[in-house]
Each structure stands twice: as structure tokens, then as C-alpha cells.
Amino acid sequence: MMAETVEFSILGLDSLMAKLESVTYDMKRKGGRSALRRAAAVIAENAKARAMLLDDAETGRSIADNIVLRWNGRLFKRTGDLGFRIGVKHGAVLKDGGELSANSPTPHWRLLEFGTQYMAADPFMRPALEESISDATNVFVSEYEKTIDRAIKRAARASGGG
């Protein structure tokens, strides 16, 4: 089963784009990565809150504890695009012994998210993204703009302009 990809466009960022022109390539990458991480964290937190509603306290396993945010180095190396992945760690493999601590593997998350032929899906990851996309976009824009403003001020001081 392939994971779904969600793509979106941000419109109306003329002021941000104008500021980007005056910032170095390195700053764009560092500032963009930081802003993107904060925006992705909004989505990850929403996914954790939704997963807590599905967690079964009797099993001891917590899907919410296993939701992680990770840098997508493969995407960056291949295309130069910045990206983070939000997912459930440990994959779908249940190790021998069936550990029941809160941080132990939770392969059943896929059954809940996508359903089976016997059980309807009760998704929590996809709705978390859909519900958080506007907030995440706002966080990205504001954080990135702050980073760029700081870089412009530093460049102006370094060149003796202020």
C-alpha cells in the first residue's frame, strides 16, 4: 500500500518572495528548513492529539507516542526541495515478545488509518493534515519571514548600512 502524497500551493506571498531575492542561497535553505520544521510540528501535534483518542490504555501501546517528524534527506538530495515526513515510527513489524510499553511498536496504526476488508477506516493522520494545513501554512510564512528579516538586518549591519 503506497502512502498518499499531499501537495499544495501558497499564493499571495509577494512580500516574502521579494525579500527572498536579497537573501543568500544558504540562508534560504537554513531559514526555510527551520520554518518548515515548525509548520510540520503543527501537523504532527494534531496527529498526536487524534491518535490519543484511538489509543487503548489496556494494551500499553501508544500510537501518539510513536508519531514522529523527520527531515526528508532523500527528497533534498534528489531534488533540492526541503521536506519533512510525519509518520508513525517502528514501521509495521511487531518484534518477538510483543513489548507493551508506551513507546513500543504500534503496527496496528495502519489498520486504523486505512481500514481492512473487515473493518472501516478510522483515519487520524490524513484528517490531521487536512485540518492543520492552514495553520501550518501561516506558521511557515511567519517564521520564514522573521528569519529573512533577521538575515537582511545582519547583512545591512555587515555592509555598514545600519
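Q: In which helix does Asn46 lie?
A: The model is a predicted one. From the N terminus on, its elements run α-α-β-α-β-α-α. Asn46 lies within residues 25-54, which form helix H2.

Q: Is Asn46 buried or exposed?
A: The relative accessible area of Asn46 is 13%. Residues under 20% are classed as buried. Asn46 is therefore buried.

Q: With which side chain does the side chain of Asn46 make a polar contact?
A: Leaving aside neighbours within four places in sequence, Asn46 is in contact with Ala128, Glu131 and Ser132. A polar contact at 2.8 Å links the side chain of Asn46 to the side chain of one of these residues, namely Ser132.

Q: Why does Leu111 count as partly exposed?
A: Leu111 has its place in helix H4, residues 109-114. Partly exposed residues fall between the buried limit of 20% and the exposed limit of 50%. Leu111 counts as partly exposed because its relative accessibility is 42%.

Q: Which residues make the nonpolar surface patch of about 350 Å²?
A: Residues in such a patch have over 30% relative accessible area, and Leu111 is at 42%. The patch is made by Leu111, Tyr118 and Met119.

Q: What share of the accessible surface of the protein belongs to carbon and sulfur atoms?
A: Of the 162 residues in the protein, 31% are buried. The accessible surface comes to about 10,600 Å². The share belonging to carbon and sulfur atoms is 54%.

Terms used. Residues numbered from 1 in each chain as written. Predicted model: local features only at pLDDT ≥ 70, side-chain atom pairs only at ≥ 80, totals over all residues. Heavy atoms only, no water. Patch = residues over 30% accessible without salt bridge, like charges linked within 9 Å, V, L, I, M, F, W, Y side chains within 5 Å. Areas by Shrake-Rupley, 256 points an atom, 1.4 Å probe, with all protein chains shown as cover. Salt bridge = Lys/Arg side-chain N within 4 Å of Asp/Glu carboxyl O. Helix = DSSP H or I, 4+ residues; strand = E, 2+ residues; numbered from the N terminus. Buried < 20%, exposed > 50% of the residue type's maximum accessible area, 1.4 Å probe, protein only. Polar contact = N/O pair within 3.5 Å; in protein donor to acceptor, adjacent residues only side chain to side chain. Contact = heavy atoms within 4.5 Å.
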